[in-house]
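Take a look at the chain shown here. The report below starts with one residue and then widens the view.

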Amino acid sequence: MSTDVHAAAADAPHAHHDESEPHGSLKGYVIGFLLSVVLTAIPFWLVMGGVFASPTATAIVVLGFAIVQIVVHMVFFLHMNARSEGGWTMLALIFTIIIVVIALTGSLWVMYHLNVNMMPGHDMSQMP
């Protein structure tokens, strides 16, 4: 019985090192770096080259590239996935995104209503 306890205690320091957990490798970091460079260079070229006639279309495409680049950074550099730390990192990410969306939406709503209701001189056509 005491040998089982000692054997379990000897393995305990290494028990938290599961081989299935993602660890950074040189290949993973190089792939992440190259994807980041490409995902930065393409929007730069789109803006500087004036590829789209509409600034709105350019902004939407650049925003799409930014979202993809955020995902690349989370996967290749932060090693986030649904399996790491029992899913808690993904849960924390989802919670953070929800809080940021609520804060941004509320801020934009407040700024819009302040602009509409508080700015004098917007409706000058009705002045006598």
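Which residues does Ser-36 touch, not counting residues up to four places away in sequence? Ser-36 touches Gln-69, Val-72, His-73 and Phe-77. The model is predicted, and every value here is computed from it.

Ser-36 is found in helix α2. Leu-26 also has its place in α2, which covers residues 26-48. Their accessibility can be set side by side.

| Residue | Relative accessible area | Class |
|---|---|---|
| Ser-36 | 8% | buried |
| Leu-26 | 68% | exposed |

Buried means under 20% relative accessible area, so Ser-36 at 8% counts as buried. Exposed means over 50%, so Leu-26 at 68% is exposed. Leu-26 is also part of a nonpolar patch on the surface. Val-30, Phe-33, Leu-34 and Val-37 belong to the patch too. Together these residues have about 490 Å² of accessible area.

**The partner helix**

Two packed helices are described by the angle between their axes and the distance between the axes. The axes of α2 and helix α3 (residues 55-76) come within 10 Å and cross at roughly 170°. That makes α2 roughly antiparallel to α3. Residues of α2, including Gly-32, Ser-36 and Leu-39, meet residues of α3, among them Phe-65, Gln-69 and Val-72.

**The whole chain**

The chain has 4 helices and 0 strands. Buried residues make up 13% of its 128 residues. The chain exposes about 10,400 Å², and carbon and sulfur atoms supply 75% of that area. Among contacts between residues at least 6 apart in sequence, 55% join residues at least 24 apart.

Conventions. Residues are numbered from 1 along each chain as its sequence is written. This is a predicted model: local features need pLDDT of at least 70, side-chain atom pairs count only at pLDDT 80 or more; totals for chains, interfaces and linings use all residues. Side-chain values use heavy atoms; hydrogens and water are left out. Patches are made of residues with over 30% relative accessible area and no salt bridge: like charges are joined within 9 Å, nonpolar side chains (Val, Leu, Ile, Met, Phe, Trp, Tyr) within 5 Å. Accessible areas come from the Shrake-Rupley method with a 1.4 Å probe; for residues, only the protein chains shown count as cover. A salt bridge is a side-chain nitrogen of Lys or Arg within 4 Å of a carboxyl oxygen of Asp or Glu. Helices (H or I, at least four residues) and strands (E, at least two) are DSSP runs, numbered from the N terminus. Buried means under 20% relative accessible area, exposed over 50%, partly exposed in between (1.4 Å probe, protein chains only). Axes are lines fitted to C-alpha atoms, for helices over the stretch in contact, and angles run from 0 to 180 degrees between N-to-C directions. Angles under 35 degrees count as roughly parallel, over 145 as roughly antiparallel, 65 to 115 as roughly perpendicular and the rest as oblique. Contact means heavy atoms within 4.5 Å.
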